[in-house]
Amino acid sequence: MRVLNLNGPVYGVCLAGDKDERPTFDQMGMATACLWAARSADSKYKVGCAILSDYSHSLVSIGYNGRYPGCPTEERASLEVGASQFVHAEQNALLRARWEHGESHSLFTTHEPCPECALLILAARHVRRIVLANPYAMPGRPRGSDLLREAGLEVIEWQS
Ligand SMILES: [Zn+2]
């Protein structure tokens with residue numbers, strides 16, 4: 001079982017494997033994030049996020065990047081960095097989460113959280129672990145993964 005094509009404009013998810021092979025909960029989390037990334041209308045980056053309870057492994061939320069519900073357009077406002085007027089995948093997932101068991105959740109995301117999303121993840125106080133694909137740095141800005149690590153969260157870069 002593996003998650004395919006994390007760098008493409010549309011993510012491929014393959015859950016097929018040997019008949020006795022079961023995906024891990026991390027694989028299920030990243031596959032779920034990839035699945036929801038496909039729902040994004042963004043022409044530049046399709047980002048998906050999934051949050052799972054560490055206790056029950058239940059899905060507590062999903063999100064993808066896009067305009068707010070009811071917005072007259074689904075298109076990006078601009079291709080410039082930081083000017084899309086999109087709600088980020090992590091933000092959407094945090095807004096919709098039905099938390100279980102306090103702070104013990106894992107957040108899976110198809111792209112490294114931006115600094116603002118990293119701060120929101122910390123402020124939510126329900127996530128202890130981040131699993132991210134597509135790490136990136138923006139010139140002159142702190143890395144989201146560094147902010148999360150400095151605050152004591154476990155940050156894992158996805159190895160497909
Ligand atoms: Zn963000």
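Because the model is predicted, local features are reported at pLDDT of at least 70 and side-chain atom pairs at pLDDT 80 or more, while totals for chains, interfaces and linings use all residues. Residues are numbered from 1 along each chain as its sequence is written.

The protein chain contains four helices and seven strands, where helices (H or I, at least four residues) and strands (E, at least two) are DSSP runs numbered from the N terminus. Read from the N terminus, these elements follow the order β-β-α-β-β-α-β-α-β-α-β. Of the 160 residues of the protein chain, 38% are buried; a residue is called buried if 20 or more other C-beta atoms lie within 10 Å of its own, exposed if 12 or fewer, and partly exposed in between, with C-beta atoms placed from the backbone. Two residues are taken to be in contact if their C-beta atoms, placed from the backbone, lie within 7 Å, and among contacts between residues at least 6 apart in sequence, 60% join residues at least 24 apart.

The buried residues of α1 include Gln27, Met30, Ala33 and Trp36. Ala33, which is placed in helix α1, counts as buried because 34 other C-beta atoms lie within 10 Å. Leaving aside neighbours within four places in sequence, Ala33 is in contact with Gly48, Cys49, Ala50, Phe108, Thr109 and Thr110. The C-alpha atoms of Ala33 and Ala50 are 4.8 Å apart, although the two residues are separated by 17 residues along the chain.

The axes of helix α2 (residues 89–96) and helix α3 (residues 115–124) come within 9 Å and cross at roughly 20 degrees, the axes being lines fitted to C-alpha atoms, for helices over the stretch in contact, with angles from 0 to 180 degrees between N-to-C directions. The two helices are therefore roughly parallel, a term applied to angles under 35 degrees. Glu90, Gln91 and Leu94 of α2 make the contact with Cys117, Leu120, Ile121 and Ala124 of α3. Ala89, Glu90, Asn92, Ala93 and Leu94 are the buried residues of α2, and their cover includes β3, β4, β5 (105–109) and α3.

His88 is located in the loop between β4 and α2 and is buried because it has 23 C-beta neighbours inside 10 Å. Residues up to four places away in sequence not being counted, His88 touches Val47, Asn65, Cys114 and Cys117. His88 and Pro113, 25 residues apart in sequence, are 8.9 Å apart from C-alpha to C-alpha.

Two further loop residues concern backbone geometry. Most residues other than glycine have a negative phi. His57, in the loop between β3 (48–53) and β4 (59–64), has a positive phi near 65 degrees, and counts as partly exposed because it has 13 C-beta neighbours inside 10 Å. Arg125, in the loop between α3 and β6 (129–132), has a positive phi near 60 degrees, and is exposed, with 10 other C-beta atoms within 10 Å.

Notes
Angles under 35 degrees count as roughly parallel, over 145 as roughly antiparallel, 65 to 115 as roughly perpendicular and the rest as oblique.
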